[in-house]
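Thanks for coming. I will go through one model today, starting with a sheet and then moving to the helices.

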Amino acid sequence: MSTPVQLYVHDISNGLARQLSMQLIGRQIDGIWHTSVVVFGKEIYYGRGIRVQHPGRGHYGRPLRVVDMGETAIDEETFEQYIMAMREQYTLDKYHFIDFNCNTFANDCVGFLTGKSIPDYITSLPEHILSTPVGAALQPSIDAIFRDGLPPESELPTLPPEVVRAAAAVSPNPALVASALQNVKPYASPNTSPGASSLPIAAPTSPPTLSSAMQIRSCSDPTSLHSFLRSNRAVVIFFTSATCDSCRTIEPVFEDLAKNRSGADDGVAFVKVDLAVGNSAAVAGPYGIHTTPTFVFLLDGRKTHEFRGENVPELRTQVDLLIHEAFPPHPHVALSLPTVESISLDPILFTQNPNLDTLLTRLNQSIDSTPTWTGPVTRTQVKQELVMTVTPFLKASSATPPSSQPPMAQFDSWSPLASSLASNLATSDLFPLVDIWRIVILNPKFSEWNSAKKPPQNTISMLLSRTLRSKGVPRNYILTVLRMLSNAFSNTNLAWQCVVSMRSDLTTLLISTLLHADVAVRTAAASLAFNVAGYLQKLRLEKMKSSRNSNIDPEEDEEWEIEMVSAVLEAINQENTNEDLVHRLVASLALLLRFSPFIEQLTPLMEVLESRSILNAKLTSEYTTKPEVRRLISEVSEKLCP
């Protein structure tokens with residue numbers, strides 16, 4: 001028989017954290033969380049030892065939140081035996097406000113009962129606070145208070161003036177933080193009434209930097225470590241102790257590495273385990289740690305290396321080796337590609353305004369000549385909408401300077417208008433609607449509104465689909481759809497929809513139009529291909545800068561990339577009349593290849609397709625004369641093609 005397990009969540013700040021955290025520390029904190037576990041009709045928590053009470057009847061009363069953690073198949077007697085064993089670890093002297101507290105205990109209990117972890121917003125709260133300048137200023141004092149466990153309530157100190165001044169100096173609101181900290185206590189016992197007293201505490205003489213507080217994760221129990229290992233590919237663990245002189249010598253180097261190699265920059269996480277804190281002996285046991293300092297290096301939870309002592313060169317070398325193994329650089333990173341690097345990633349846009357009167361006249365004529373009209377929006381309503389809403393907006397947008405624009409809510413009538421036109425008009429008569437959409441999605445407000453309409457309901461997707469699913473589609477319609485899709489890349493959300501949500505239809509259109517008989521259509525198709533490649537290049541560059549995470553983004557697709565590279569190469573091979581068109585195609589190829597996550601799969605394909613020969617043939621063509629075009633072709637041929 002299974003038993004439900006709940007997590008009671010209390011905010012010991014009573015709402016003050018939510019109200020004042022932004023002013024005090026410059027970051028929104030919704031609460032200072034105290035948690036307890038409710039199972040078998042009892043509420044269990046850790047403070048001054050492990051406590052058991054009737055649910056909701058303790059010092060904190062009813063919880064702010066109740067989180068269902070699932071059910072447990074463990075019986076009550078087994079759980080009571082577990083709690084008895086835990087009492088040896090969760091003692092008064094091992095309590096630490098940041099590293100080993102009520103939330104650590106709750107996480108262990110929930111893990112034992114259900115195999116789950118308590119919510120991350122609770123366990124990560126200390127890290128979020130310490131990563132602020134104010135939190136970093138307060139950490140040395142908090143560590144000093146709890147170095148020997150939770151002090152008696154009568155001995156809990158107020159913060160010394162120098163600590164208050166240091167924290168206030170780095171706060172967004174110095175006066176408010178100074179006032180708040182003058183009487184603050186770093187722990188409020190759930191078993192006694194609040195009180196305060198003084199103890200001498202070492203304080204920083206100047207506002208601290210954020211290096212170790214932000215980048216090093218303290219860990220004192222196995223459950224926390226296992227959770228941390230699951231969320232980080234590469235981890236360096238520093239086993240240390242407060243009485244170890246060698247630890248104090250090498251710790252600044254460890255902190256410097258953490259500052260410069262961890263998190264968003266290089267993707268390796270740094271963990272410090274003080275063997276005298278909490279249940280750290282259980283953390284050290286599986287690694288056979290008996291001396292300090294000892295450094296353990298893990299990749300995907302597997303130990304790859306270990307060494308002991310204060311060997312600084314070894315520590316630096318092993319950190320770099322771990323990063324390289326976990327996140328090997330792209331093979332093209334080391335290439336010198338000055339011409340490719342100089343390619344602007346701004347999308348190619350078609351901004352020329354049409355003759356609006358002619359366009360709208362033609363659209364009205366098509367509406368009037370349609371024999372029947374169906375759907376919820378009548379013919380009369382469509383024509384009224386064109387006069388009352390569409391025409392004024394188009395003319396205001398094309399004015400120099402543009403006139404004031406309506407709020408986005410006023411665009412809501414455009415989707416049913418476009419849907420009604422598409423449902424009742426022949427494809428050959430929809431050219432004016434496509435041209436209208438080509439222009440209006442360049443307007444930031446309109447494109448933002450339009451991006452909220454997900455395919456296949458949005459108008460761009462509908463007009464694209466119409467191109468592929470109709471017979472005898474006129475050249476002007478195809479050309480304008482390509483230009484409309486190119487303009488969609490002026491908005492990041494619309495670009496994402498084109499590359500991900502509309503990928504199949506967009507690729508089908510591109511493959512057919514890159515080899516179209518009409519040069520204007522081919523040019524528009526090459527422009528769209530460039531915009532797609534440029535968008536992916538931006539994503540890849542951002543990913544390389546922000547994280548070494550090796551997971552493939554949803555924007556990436558191996559089969560699609562192979563298909564696109566093949567199509568662009570064939571278009572380059574077939575293009576023998578227009579140098580600018582070749583320039584766009586080669587630039588598209590370069591951007592697709594440069595940081596592709598599928599370069600190993602693309603290399604044999606490029607060899608089979610004789611990519612280098614195709615590009616070199618363009619250098620011998622009589623119409624390839626521009627120096628910048630020739631430099632790009634040569635660079636892509638020599639550096640990116642096998």
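**The sheet and its helices**

Strand S1 (residues 3-11) and strand S2 (residues 33-39) run antiparallel and are joined by 6 bridges. Within this pair, Val9 stands opposite Thr35 in S2. Before going on, some ground rules. This is a predicted model, in which local features need pLDDT of at least 70 and side-chain atom pairs count only at pLDDT 80 or more, while totals for chains, interfaces and linings use all residues. Residues are numbered from 1 along each chain as its sequence is written, and side-chain values use heavy atoms, with hydrogens and water left out. Helices (H or I, at least four residues) and strands (E, at least two) are DSSP runs, numbered from the N terminus. Two strands pair if DSSP finds at least two bridges between them.

S1 and S2 belong to an open sheet of 5 strands, in the order S4-S3-S2-S1-S5, with antiparallel pairing. Strand S4 (49-53) and strand S5 (65-72) are at the edges with a single partner strand each, so one side of each has no neighbour in the sheet. On average, neighbouring strands of this sheet are turned by 25 degrees against each other, direction ignored. Axes here are lines fitted to C-alpha atoms, for helices over the stretch in contact, and angles run from 0 to 180 degrees between N-to-C directions.

Helix H2 (residues 76-86) lies across S2, strand S3 (42-47) and S4, and runs at about 10 degrees to S3. Helix H3 (residues 102-114) packs on the sheet as well, touching S1, S2, S3, S4 and S5, with its direction at about 30 degrees to that of S2. Contact means heavy atoms within 4.5 Å.

**A hairpin**

Strand S9 (residues 294-299) and strand S10 (residues 302-308) run antiparallel, joined by 6 bridges. Phe297 has His305 in S10 as its bridge partner. The two strands form a hairpin with 2 residues between them, and Asp300 in the turn has a positive phi of about 55 degrees.

**Helix H19**

How many of the 10 residues of H19 are buried? The count is 10 of 10, so H19 is largely enclosed by the rest of the structure. Buried means under 20% relative accessible area, exposed over 50%, and partly exposed in between (1.4 Å probe, protein chains only). The buried residues of H19 pack against several helices, among them helix H16 (356-369), helix H17 (379-398) and helix H21 (459-468).

Another partner is H22. The axes of helix H19 (residues 431-440) and helix H22 (residues 475-488) come within 9 Å and cross at roughly 20 degrees. H19 and H22 are therefore roughly parallel to each other, a label for angles under 35 degrees, with over 145 roughly antiparallel, 65 to 115 roughly perpendicular and the rest oblique. On the H19 side the contact includes Phe431, Val434 and Trp437, and on the H22 side it includes Tyr477, Val481 and Met484.

**One residue, then the whole chain**

Asn450 lies in helix H20 (residues 444-451). Is Asn450 buried or exposed? Its relative accessibility is 1%, so Asn450 counts as buried. Leaving aside neighbours within four places in sequence, Asn450 is in contact with Trp437, Asn458, Ile460 and Leu494.

The protein chain has 30 helices and 10 strands. Of its 642 residues, 50% are buried. Among contacts with a separation of 6 or more, 75% come from residues 24 or more positions apart.
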